[in-house]
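Let's take a friendly walk through this structure together. Please keep the sequence and the 3D view open as you read.

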Amino acid sequence: MRSEFDSFYDKQLHTRLGVAYFAVVLVFGLLGLRLWFLQMAEGAKYRKLSEHNYIRIQKIKAPRGLILDTNGQVLAGNRPSFDICLVPQDARELGLVTTRLAGLLSLEPPYLKQRMEKSRGRPPFEAIKLKTDVSRDNLGLVLTHRLDLPGVVIEAIPVRYYPHGTLACHLLGHLGEISLRELARDDFSLYAMGDFVGKSGVEQTMERHLKGIDGQYQAEVDAVGYKINTMGRVDPVPAHTITLTISLELQKTAEEALGDRPGAVIAIDPRDGRILAMASSPAFDPNLFSRNISSPDWELLINDPQHPLMNRCTQSLHPPGSTYKLITAAAALEEGVVTPHTSFFCNGSFRCGRRSYRCWKEGGHGMVSLMKGVVESCDVYFYNLGSLLGPDRIATYAKGFGFGAPTKIELEDEKPGLVPTSGWYRARFGIPWQSGDTLSVAIGQGANQITPLQLLMAYAALANGGTLYTPFYVEKIASAEGEPTKRFVPIPRGQLPLSNKNRGLLIEALSGVVNSPSGTGGRARLSHIEVAGKTGTAQVVGIGKALRQSTVFKDHAWFVAFAPKNEARIAVVVLVEHGGHGGSAAAPVAKKIISRFCELEGGGYV
Amino acid sequence: MFDRRLISNFDWVLFATALGMSILGILNLYSACYFSLAHTSNPYYLKQLYWLVISVFVSFVVISVDYQVLSQRAYLLHGVSLFLLLAALVVGKPTAGTQRWLQLGGFSFQPSELSKITLVLLLSRYFSEVTVSKYYTLRDFCVPLLATLLTFFLVFLEPDLGTAGLLFLIFFSFVFLVRLVFKHIVQLFLSGVVLLPCAWFFLEDYQKRRVLAFLNPGKASLEAGYHAIQSKIAIGSGMLFGKGFLNGTQSQLRFLPEQHTDFVFSMWAEEWGFVGAMVLMVLFFLVLSKALKFAVQARDRLGSFIAIGLFLILFWQVSINLSMVTGLLPIVGVPLPFISYGGSSLISTWVIVGLLINIKMRRLMF
């Protein structure tokens with residue numbers, strides 16, 4: 001049924017469709033006119049523009065964010081690099097230009113040809129990088145001859161620069177060209193082929209803050225490819241500045257004290273877990289990675305038996321040696337298997353089954369209580385504790401002190417280490433736990449595996465009242481103008497399974513290690529500040545004394561300390577691989593660092 | 001099975017035009033990927049050819065079902081569309097910061113393309129059923145507005161701002177054509193303006209960032225400005241007869257961005273010149289005027305409305321895309337029907353063709 005209105009409406013609809021038709025004609029007419037204008041009126045101009053595309057879009061690299069030490073001194077910055085590039089389309093005669101260029105820069109023409117070959121298949125208007133880091137003299141030469149070198153352009157780009165070379169290289173990390181795998185990831189969506197990204201250390205973990213956003217400009221270029229007119233420009237967005245908690249001065253001291261011996265040194269503030277210095281030796285120069293690292297350099301680093309790229313602070317695993325006696329003592333006190341006054345007699349060895357386990361002191365220590373046992377590091381005393389406790393109770397306390405799990409420091413590839421339990425032993429070796437192994441574990445030898453950082457955090461927790469912290473190294477992140485965007489707060493990881501009374505006892509004992517005349521850590525003694533610490537010597541392999549003198553099999557030296565004894569403001573761990581005894585090889589290193597720390601603190605530097 | 005009259009009323013001209021344009025599009029795509037042909041095993045033009053075969057088949061399926069039957073299921077169909085949009089957001093394949101694609105077996109599919117058509121079906125069904133004594137009033141617009149907003153919102157989230165904008169354009173121009181009182185058009189427009197910011201609060205952080213990045217005038221305008229310049233150079237340099245097939249330097253050297261999707265026309269105009277551009281324009285004009293003619297001829301108001309809606313989809317897409325590549329409008333990602341690469345776009349264009357033929361074919365059947 002069509003009402004009167006319906007037919008009226010339909011008539012109206014037809015009128016409106018007429019309007020729509022008119023709109024189509026209008027829009028198409030307009031578009032037609034526009035096309036006429038572009039293709040006919042202006043066609044010749046655009047044809048010329050297209051035949052030689054004079055308009056280039058060029059990236060303006062955003063410099064990478066600065067990394068500063070706690071006092072604002074630059075640890076990682078940028079330097080300008082002048083690169084010589086060639087735009088093949090502008091060169092007209094490629095061979096001639098490359099020969100001339102090779103002559104000017106005294107390069108072998110085959111070298112340039114090789115670079116050109118590598119870029120085959122790319123659009124001819126894209127610049128090919130021929131030579132990076134051109135000297136000022138050569139730059140001048142190229143500029144004066146630029147009319148003879150059509151297509152040759154100079155690009156100035158910021159390159160990562162570490163002014164102190166190898167200093168703190170493991171913490172700072174290094175860069176590398178972005179890999180295809182990384183490019184495919186979502187968090188790298190703003191990156192392009194050929195970009196450099198952090199591959200380790202702070203450079204890697206803070207990548208998203210350190211990377212600015214590249215700007216770009218459109219440039220009109222002349223026939224030899226030189227910019228004559230900038231048509232539009234977007235400035236790069238500078239990256240953030242990252243202030244670390246480490247002190248350049250203390251870091252220097254730590255590295256100098258360690259010297260070229262392979263090992264690790266870390267200093268932290270035990271009150272919150274901030275890292276004051278972190279050194280691993282041998283080191284590498286991260287500047288090598290700021291451009292593509294040359295293959296001889298890379299081969300050298302990767303084939304070095306000492307593994308300079310490895311951060312020993314978080315990635316090396318060794319038995320803790322006698323530094324672990326703290327854990328055994330804590331377990332024994334808390335479990336009530338001994339009192340501070342319980343004594344054992346040490347005659348130089350301990351019988352277990354058919355084997356006899358020696359104390360490091362051949363004649364023995366005589367009657368030994370807790371205090372003396374820790375101060376003189378008597379093995380027999382701890383064999384006794386170990387056999388009373390059994391492996392699993394020691395393991396429980398070891399885990400309570402943070403061993404066997406990563407400290408969760410924000411660094412790549414941190415090792416969790418190993419705390420042996422009877423269950424683990426059965427799974428690993430297929431036989432029940434051997435009571436002799438308990439003795440090894442009780443004095444920190446055998447299957448125990450720890451990183452220097454884990455050891456340090458455990459001692460720091462003892463010093464600060466019992467809080468186990470996650471170590472951190474970023475103090476704040478600020479915009480390039482200095483506006484802070486993020487400040488870091490300490491992250492508690494747990495509480496030590498230790499009463500305040502026992503904690504006080506153990507601190508006293510550790511103080512005795514350094515300050516009592518019979519203590520093993522006397523070489524860390526300082527007159528103006530009371531240091532407390534523990535030495536350790538980690539056996540490399542169970543072999544005779546004679547062989548142990550050669551470097552490869554020499555024991556690892558440990559020393560871990562904090563100062564002042566009460567209300568500690570610094571805690572230090574030192575590992576010297578194959579350094580021998582902890583007291584002689586490692587303790588002096590810690591002493592230098594603590595002493596320097598006091599000087600700096602006096603000067604308001606820490 | 002088919003009424004003889006149906007076949008005699010089949011619009012061969014529209015069908016041939018659509019097929020011709022699709023083939024020109026494939027030809028153009030061949031040129032677009034000619035440069036990289038050596039190292040691509042499955043180039044765009046070949047994929048598009050497969051899509052065309054599927055599209056024509058789908059189109060015939062659409063033709064064979066009376067549009068009245070189809071529109072009886074309009075609400076259901078649009079519901080399916082919305083569901084697919086939602087699915088794309090939840091389980092879709094993230095591509096370049098957007099979530100527009102739904103993976104079905106080996107195919108990827110953009111539900112937003114489909115949603116334009118189902119929305120038109122829904123709007124037409126609704127308006128053809130409302131009994132009106134005078135003109136439609138604002139109250140009559142609640143349901144369709146809600147449907148449009150919902151669709152818009154889902155597409156906006158992806159974010160596919162080009163298509164989202166298109167949905168609104170289609171809705172408003174549709175409303176205008178079916179004649180709402182002018183006062184109500186203003187009210188409707190204002191309510192849209194008020195509602196739009198509310199959508200913001202429903203966005204996730206990363207979606208807000210995407211939208212902001214899209215709207216950011218700084219970087220976007222420079223990049224877009226560069227693309228616009230390159231596109232104009234490409235078109236202009238074609239001059240009267242063009243540089244010839246496979247000879248377009250702008251496109252072969254890849255100055256043109258997205259030369260196989262949004263900027264296909266620039267490539268066409270560069271290689272075939274003003275003459276070629278005019279040929280395409282005339283073909284588009286033919287399709288659009290056919291759609292309008294079918295709207296007038298349709299047997300009922302439903303048919304008219306559907307034809308009007310489909311006309312609007314094509315009209316807005318063609319005119320926005322062409323204005324964009326010729327530098328008359330800022331760059332928004334809207335593909336050119338028939339010519340741009342893309343399975344979802346081609347299939348939906350052919351569904352439109354099928355529906356139009358469907359309406360025309362049945363105009364004398366009562």
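Predicted model: local features only at pLDDT ≥ 70, side-chain atom pairs only at ≥ 80, totals over all residues.

Is Ser511(A) buried or exposed? A residue needs 20 or more other C-beta atoms within 10 Å of its own to be called buried. Ser511(A) has 24 C-beta neighbours inside 10 Å, so this serine counts as buried.

Which residues does Ser511(A) touch, once its neighbours within four places in sequence are set aside? The contacts are Glu530(A), Ala532(A) and Lys565(A). Take Ala532(A) as an example: 21 residues separate it from Ser511(A) in sequence, yet the C-alpha to C-alpha distance is 3.9 Å.

Let's move on to a sheet in chain A. Five strands make up this open sheet, in the order S12-S11-S23-S22-S21, and the pairing is antiparallel. At the edges stand S12 and S21 (532-538) of chain A; each has a single partner strand, so one side of each is left without a neighbour in the sheet. On average, neighbouring strands here are turned by 5° against each other, direction ignored. As a reminder, strands of a sheet pair through backbone hydrogen bonds, either parallel or antiparallel.

Strand S12 of chain A spans residues 274-281 and is mostly covered, with eight of its eight residues buried. Its pairing with S11 (residues 263-269) of chain A is antiparallel and runs over seven bridges. Within this pair, Ala264(A) stands opposite Ser280(A) of S12(A). How many residues lie between the two strands of this hairpin, S11(A) and S12(A)? There are four, and Gly273(A) in the turn has a positive phi of about 90°.

Further along the sheet, S22 (residues 556-563) and S23 (residues 570-576) of chain A also pair in the antiparallel sense, over seven bridges. Here Trp558(A) has Leu575(A), in S23(A), as its bridge partner.

What lies across these strands? Helix H23, residues 582-602 of chain A, lies across S11, S12, S21, S22 and S23 of chain A. Its direction is at about 30° to S22(A).

Finally, a look at chain B. This chain has 15 helices and three strands. Of its 366 residues, 47% are buried. Among contacts in chain B with a separation of 6 or more, 73% join residues 24 or more positions apart.

Technical notes
Residues numbered from 1 in each chain as written. Chains lettered and ligands numbered in written order. Buried ≥ 20, exposed ≤ 12 C-beta atoms within 10 Å, placed from the backbone. Pairing = 2+ DSSP bridges. Contact = placed C-beta atoms within 7 Å. Axes fitted to C-alpha atoms, helices over the stretch in contact; angles between N-to-C directions.
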